[in-house]
Each structure stands twice: as structure tokens, then as C-alpha cells.
Amino acid sequence: MEEHHFATVNKLENSGKQTFTFANPPAELILESGEKLGPITLAYETFGELNPQKSNAILVLHALTGDAHAAGPNGWWESLIGSGKGLDTDKYFVICANVIGGCRGSTGPSSVNPKTGKPYGTDFPLISIGDMVNAQVRLIDHLGIQKLLSVIGGSMGGMQALQWMVSHPERIRSAIPIATTLKHTPQQIAFNEVGRQAIMADPNWKKGHYYGSTIPAKGLAVARMIGHITYMSDASMAEKFGRRLKEDKEPFKFSAEFEVEGYLRYRGDNFVKRFDANSYLYITKAIDYFNILNGKNLASIFAGLKAKVLVISFKSDWLYPSYQSQEIVKACKLAGVDTTYCEISSTYGHDAFLLETEQETQLINHFLKTASNGHNGGAQ
Amino acid sequence: MKQEQVKAEHKIILNWITKDAAVLDLGCGDGKLLALLINERQVRAQGIELDENSIHRCVAQGLSVFQQDIDTGLSEYADNSFDYVILNQTLQQVKKPDFALKEALRVGKKVIVSFPNFVQASARFQIFFKGRVPVTKALPYEWYDTPNLHFLGIADFKDYCKKRNIRIEKSAFIRKNNIVKLFPNLFAEMGLFVCSKQISS
């Protein structure tokens, strides 16, 4: 059957930034570490409209440095989310919240500790991917949604999707983990550790209590530079920069001469304007501790999961290589979960999950259609 | 709904498969067969396919597919986890057909195999009289661009099954979309078989 879309003024229904505060003392959220955190504020945005049955909600999960502004102008996944796009806001109600530990409106180390009246700094408790998801569950409860149509995210967002599959399987009808892993590997931890060391080696870091004075900008910028290298690929860097020299070079031996140097410096310097160094420390730690297996065997982690799963990886992604996505697929197969897996050809490296949205759109669009119809394909 | 021309081999396979069965299609291509089986037999379907574009076409039909090389095996699946495993035009293209079929027979209660008959009359004619590797309607590839790695005839497959203790439960043969009843090894362009493990009696 064919559907006819009549040309309408497709306006993205964006809620703008909203907040939800919960876990007020003495009912604080108990973290996986056993520590308590409260009150907790989550900054979130919604796109599109929730239907009366509340059955069309999709939770978008952001990566390390993302935030709630996933769609609309300057949204970090703008090419995937919107009217007529992969996550079609004409059909679906899309929710995206900044994670706890973040610095873009949700409670994190730069928030004021109600006990002291000063920013938490490194007094903020260690948080995990599981804690991030538990906070999201509270938001979904608050929005009156019993079951999400889907949870979707790349990289750390994918880890949260996996966490939903394991911890709250009855609250999701489908999940789309992209360019992610069941557990962080030593190589992935190593890159994060170099980033953290750069921040902590900055004299302005002051053991995390730098709020109100100079921020550890240099350290955070270096951390971001390392991150950017791991998000690209040999091929994408060669294509983007080659060995081209910068035009406006300064008269100094170690100024940025190559374009790639200029790019990394620019990215690093820009990043410190929008991101908090302590949040970088806390979130990378949460990622490094991520291990959904947690002593369990591969066959049992998704046992009994009714949700449909779409796993996506990218050929040139060496930070989260395809074999790690294939492990996710293997676990799904062992548990008899209805799963689709696609490895998209791309030269963009890990960044591909943000850039190859045309390919992703194809897969996600059809997958969601099947997930919302609740059958396994074929029939029209 | 537009009634698409259903291929003869798809019709045969459809008739062999029971309602609500669990089906694994190895090398499912664009997913047409699986979609047909879901519509007509309400099967629980899973496809495996190596080609990325085919994966996209399968997902567009709402199918569940894995992008995977069949030669890496099916170790994640327990014995007899599917009612049918299908190797439709796949067996001759895998690196290790012996291993693929063994794995298929392990995870499936029944295995449906189809392949082009490489020794049918017109192929024999081309080899014998033209002295050329045959290019026919059923085998349209040149030697340098063929995805087919193994060349077998219907008699070869039957010999193989005997040797490996594989029981052939049903078979059908096609030439130009018609059923071949006589001398299939000579006349058929394609052979289709329902196989199962030989239970020693």
C-alpha cells in the first residue's frame, strides 16, 4: 500500500530546553556505587508530539560530549531527527536528555552541592551508565510514558541503549545501539585516561575545585584533541587535511603549521567554551567502567528480551570496531532476540554515526516502522 | 497489493514450508523469499546476508537480517533451533559448502537446498562442441565474474548426500520455470531438495 504525503508546512515541534527535578532528599537516587545523589535535575528537549496512546516516544541517547539539543538548528543529530527524517518528528515524539554528570543543564560536578552551597567539583559521586539510565527512567515516568517505542544512541549513547535492554527490557519495544560495545576495552580506556591526565596535569585544575577561577582550559582542550583523533580515520584525515600547510602561520617553530594541527587546536579551544573539565573526567570514567556483561555470560544478558534490536557499525570505525558490534549481535542471537545487524561502509571512522545519516536513515526509518507495527516484516 | 510474479523456485519452497515455522535463510539476498514466506506462511524469519545493499533492501521490507559471512559458521545457534534452514542459490557460492551444510543441518530440523545444475544439456553442449566454459540462462556469468565457487550437478549432490548420510526427503527440478520430471541431471536448470539428518535405524 502506498502512503501519500501531502505537502504541509513541516515545522519541527521543539519544546525548547525543559528541566525535570527529582530525587529530593531524603528520597535521593541511590547510585550503583551505593552513594546517594539528590536533588537531580535533568535538562531535556522534546521534538514532535506524543500521541494520545503514548506509544510513539523515542528516547535519543547522547554520546560523551552531547546534550539535550539533538535536533533543530545546531542539533547534534539534526540530520537524523526532524520532519520526514530518519526519526520522523511528524510521526514520533523524540526525547533527548542531558546525562547526569553532564554540564549542559543536568546535575553534574559543576552544579551546586546543596550541602555546601558551592559547586560539587570532585566531591560529586562517581556515576555509571546504569545511573544515567535510571535517571532517564524517572524522566520517562514523569512524562507518563509506560513503554518507549525505541531507545537509540551511538557510542556512549549506544551503551545506554544496551543498558536499557538489560535493566529495563519491559519499558522498550525496540533498541538501536550504534557504533558501541558491550564493554570498554583496554585500548578505549587508555585513550580516555590520556585525556583525563591532560586535564589533571593542568595547574588550573586544582583537584577539581576551579569553579569561580581560571578553568583548566589547556588540559581540557588537549583531551578533546585526543578524542578527535580517535573519532576520525586515517582515510578521513588524509582527505580532510592531507599534508597541507596552514596559510596563516605564526613566526614560531612549533606553531600550528599543518592544517590538521590547526583543526585540532581550533576544536580543542572551542570545546572548552561549552564543556566542563570535571564532567569530562566523570563521564569518561562512567564509560570506562561500562561492562554490561558484569560477570554474566554472553548468552544470558539479553535472555527474555522481547524488544526488536537494530545494531549498526561502521567499517572504518577503529575506536569501536565492528567486531564489538558483532559481539552484541552474538549475544542477541544466543538469547533469540529479533535482531538486525548492518555494517555500513564509511571512511569517516567513529564519527560516521553522526555523519552517515543517509544510510542510517534508510535502516532506522524502516526498522521503526516494523517496530511500531509490532510484526516481523513481510505483510503490508 | 500488486501481485508480483513469484519465481518458480520460490513457489516450490513455499509449498514445502509449514505455517508458523521458524526459518533461517542463509544468503537471503534482497529478502523476497523471506517476505513471501512471512506473508503466506506467517513464519518467524531470520535472514543472513553479506551484501550491504541487500541488507538495506531486506530492512525496507521489515525483515530481520544479520550482515554476516556464512563461512564463519552458525555457532551461536543451538541444535535444531529452526524448523527450516534455507540455502537458496547459496551453497555453490560459499567457500566451504561442506561446512555450511553441516552447520545448516545442525541448527535446522530440515534444510532446503537449491543450486544451479552445472551439467545440464546446454552446458554439456557448450563444453563438448564449443570447447568453452558454459554461459547459460541459469548460469549467466563469465568465468571471470562469477560468484559461483563450486560447480555441481544434481547427481553430484545426491552422491554427496549418500556419502554424508544426509536424507533427501523431497526434491524438485526446474527448467525455464517449469517442473522437470525426466532425467533432471540432464535437463533441469535448477535442483531443489529438502534434506534432513539421517537417523540411524
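Why does A:Gly349 count as buried? The structure is a predicted model, in which local features need pLDDT of at least 70 and side-chain atom pairs count only at pLDDT 80 or more, whereas totals for chains, interfaces and linings use all residues. Residues are numbered from 1 along each chain as its sequence is written, while chains are lettered from A and ligands numbered from 1 in the order in which they are written.

A:Gly349 lies in the loop that runs between β14 (339-344) and α9 (352-355) of chain A, where helices (H or I, at least four residues) and strands (E, at least two) are DSSP runs numbered from the N terminus. This glycine counts as buried because it has 25 C-beta neighbours inside 10 Å; a residue is buried if 20 or more other C-beta atoms lie within 10 Å of its own, exposed if 12 or fewer, and partly exposed in between, with the C-beta atoms placed from the backbone. Neighbours within four places in sequence being left aside, A:Gly349 is in contact with A:Tyr231, A:Met232, A:Ser233, A:Ser236, A:Ser316, A:Asp317 and A:Trp318, contact meaning that the C-beta atoms of two residues, placed from the backbone, lie within 7 Å. The C-alpha atoms of A:Gly349 and A:Lys315 are separated by 7.5 Å, although these residues are 34 residues apart along the chain.

Elsewhere in chain A, helix α3 (residues 186-201) and helix α4 (residues 217-231) pack at an angle of about 165°, with their axes 7 Å apart. Axes are lines fitted to C-alpha atoms, for helices over the stretch in contact, and angles run from 0 to 180 degrees between N-to-C directions. The angle therefore makes α3(A) roughly antiparallel to α4(A), since angles under 35 degrees count as roughly parallel, over 145 as roughly antiparallel, 65 to 115 as roughly perpendicular and the rest as oblique. The residues that meet include A:Phe191, A:Val194 and A:Gly195 in α3(A) and A:Gly219, A:Leu220 and A:Val222 in α4(A). By class, this contact of α3(A) with α4(A) has nine nonpolar, four polar and no charged residues, where Ala, Val, Leu, Ile, Met, Phe, Trp, Tyr, Cys and Pro count as nonpolar, Asp, Glu, Lys and Arg as charged, and the others, Gly among them, as polar.

The contact between the chains takes 24 residues from chain A and 20 residues from chain B. On the side of chain B that touches chain A, α3(B) gives the most, with five residues, and the residues of that side divide into eleven nonpolar, six polar and three charged. The axes of helix α10 (residues 357-373) of chain A and α3(B) come within 8 Å and cross at roughly 25°, which means that α10(A) is roughly parallel to α3(B). Here A:Gln362, A:Leu363, A:His366 and A:Phe367 of α10(A) make the contact with B:His56, B:Val59 and B:Ala60 of α3(B).

Within chain B, the buried residues of helix α4 (residues 97-107) include B:Pro97, B:Ala100 and B:Leu101, and their cover includes β6 (166-175) and β8 (190-197) of chain B. These strands, β6(B) and β8(B), run antiparallel and are joined by eight bridges, with B:Val194 in β8(B) as the bridge partner of B:Lys170; two strands pair if DSSP finds at least two bridges between them. Two bridges also join β6(B) to strand β7 (residues 178-179) of chain B, again in an antiparallel arrangement. β6(B) and β7(B) form a hairpin with two residues between them, and B:Lys176 in the turn has a positive phi of about 45°.
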